[in-house]
Amino acid sequence: MAGRMIAAARTDELLPGETKVVTADDLVIGVFNVEGEWLALEGVCPHQGGPLCEGGVFRHLDAEVTPEGRIRKFFRSEEHNVVACPWHGYEFDIRTGVSLVNPVYSVRTFPTRVQDGTVYVVVAEDQTSPDTESWSLTGGEAAAEG
Amino acid sequence: MTTNLLADLDIVDVDAHYLENVRDFAEYLEEPERTIFRDWSGEYHLPSVSGLYNDTHMGGRIRRTADSMGANFGGIVGADHVGRTMEWLSIDAIVLIPTYMLTLGYLSDRERAVTVCRGFMEYMLDGRSDAERGIYFPIVVPLQEPEEAAKLIHEYANRPEVCAIMANAGTFQPPLGSTSYNPIYRAAQEHGLPVIAHAGNLGPDFSEYQRGFQTFLENHALDLVFCNEVQITSVVLEGVFERFPDLNFIFQESGVAYVPSLMHRLDTEYMRRRSDAPVLRKLPSEYLKERTFYATQPFETSLKAKHAQYLFDMLGGADRLMYASDWPHWDWDHPSTIAELPFLTDETRAKIMGGNARRILRLQPAESREPVRTEAR
């Protein structure tokens, strides 16, 4: 794969559920240990440019309408797999980077590799510039127009 | 005697209070309520949808730590944090709106309301504001006592840190168009101070229309807008702008999308029922386009840019808007939210981001605060 490998953390540095934010040139990337799985997500929130990965990781709260017409809330899994921006609480799926309220909006995800006790984030050639344009002026237009 | 009597009796007390620890209590709930209760950001009380006790920070999703410029749940604390916040957000002048004073309208003790407002002035002037550093605040007026409020305005209006008078619009009766507030408006106009009407976030506990709402989302989506709509309707239709031809109003914390809607409602109804408002000399919207300003936060970021442009035009253009952050509250807006709107010109952007506020709130010119260059150093 073309691009670069960013050494983000040692494997013993983050316990399951913990996060580390790394910067490499013009990129901000959050690295997450989710139940032993290493995941990497762009660290700039598309809403207002907040530090997306410096907040918390949560379980995915969902709800359904019961046959009686009542609302029943539930967690989709035991796993903490939703990243919330600490500025305004906007939520994104930790694996896909997709917003939980509108799939048009998303942040980029990056593959990871573990070699010799180090977690690397793999950044492709075309992923070197962060997408910091705001939610309403890019995603909003795209959502409405196309 | 009594001791013996009580000891011999079988006594039952049917009302003594046990204080539940909500966090401990949460462990006995089923998921997901267990997690929701455990992580609720309110201080005490069962999770509530009202304006005062709700889970504004959504179970820890929103965070205000020491890293967040020292801001706590309710507001910025201390002059140092004000300065750091300004630097962080690239803000050159800031108007500090109080937090606890927002509940002033709940005070039915009129004397205490006056005392508290006077104390607030001294509190803010004691190193918590500084015009030289661009840190201003409004005179919070006790609407319960209009004559005393007017005295307060006369006493403090000339302080350079004072930029406006403020009425927390949500909690007072009657609404702000009432002639009972004439002494306040007369004093404010005399000193060239605008009226900041800060919407109140009261919620279903205090609003008939919202009673029965299930969530804070329902409450907050409507509450502050509804509050401002009531106050603007009262101010315009009861003729405040005819009574006080040089008085300006700044309505805060309801975004901007409601303004054109309200203007058209008022104009349409006024044209049908002119005799209900005979003091008016023009359409309600014409007064609003000359005399009122709207703080942009919380800006409706769901708007497409071209619709936002139309909306700005409909409410009277860039002359009517003032950027506001509402930091550190949960629904705050970063300056880029407004500054980066693509349809703004250099001129309209400068007006909304600072120019209108400097002019109407009589702030010192931006250039006067720049460091003086000297050859010697």
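Biologist: Two strands are said to pair if DSSP finds at least two bridges between them; the strands (E, at least two residues) and helices (H or I, at least four) are themselves DSSP runs, numbered from the N terminus. Over how many bridges do strand 4 and strand 5 of chain B pair?

Modeller: The model is predicted, with local features requiring pLDDT of at least 70 and side-chain atom pairs pLDDT 80 or more, while totals for chains, interfaces and linings use all residues. Residues are numbered from 1 along each chain as its sequence is written, chains are lettered from A and ligands numbered from 1 in the order in which they are written, and side-chain values use heavy atoms, without hydrogens and water. B:Ile196 has B:Ile250, in strand 5 of chain B, as its bridge partner. Strand 4 (residues 195-198) and strand 5 (residues 249-252) of chain B run in the parallel sense, and the number of bridges is four.

Biologist: Which strands stand at the edges of the seven-stranded sheet in chain B?

Modeller: The sheet is open, its pairing is parallel and its order is 1-2-3-4-5-6-7. Each edge strand has a single partner strand, so one side of it is left without a neighbour in the sheet; the two in chain B are strand 1 (94-95) and strand 7 (321-322).

Biologist: Which residue takes a positive phi in the hairpin of strand 2 and strand 3 of chain A?

Modeller: These two strands pair in the antiparallel sense over six bridges, and the bridge partner of A:Val21 in strand 3 of chain A is A:Gly30. The hairpin has two residues between its strands, and the residue with a positive phi near 55° is A:Asp25.

Biologist: What is the phi of A:Glu35?

Modeller: A:Glu35 lies in the loop between strand 3 and strand 4 of chain A. This residue is not a glycine, yet its phi is positive, at about 55°.

Biologist: How much area do chain B and chain A bury between them?

Modeller: The contact (heavy atoms within 4.5 Å) takes 28 residues from chain B and 25 residues from chain A. Buried area is the accessible area (1.4 Å probe) that two parts lose on being put together, summed over both. Of this area, 55% is on carbon and sulfur atoms, and the total is about 2000 Å².

Biologist: Which residue of chain A meets B:Glu31 in a salt bridge?

Modeller: A salt bridge is a side-chain nitrogen of Lys or Arg within 4 Å of a carboxyl oxygen of Asp or Glu, and the count between chain B and chain A is two. A:Arg59 also forms a salt bridge with A:Glu78, at 3.1 Å between the closest N and O atoms. That pair links distant parts of the chain, 19 residues apart, in strand 5 (residues 56-65) and strand 6 (residues 71-84) of chain A. The partner of B:Glu31, at 3.6 Å from N to O, is A:Arg59.

Biologist: Why is the pair of B:Phe120 and B:Phe137 given its name, and what is that name?

Modeller: Rings of Phe, Tyr and Trp (its six-membered ring) pair if their centres lie within 6.5 Å, with planes under 30 degrees apart counted as stacked, over 60 as edge-to-face and the rest as tilted; the whole structure has 17 such pairs over all chains. B:Phe120 lies in helix 5 (residues 110-125) and B:Phe137 in strand 2 (residues 135-140) of chain B, so the pair ties together parts 17 residues apart in sequence. The ring centres are 6.0 Å apart and the planes stand at 85°, so the pair is edge-to-face.
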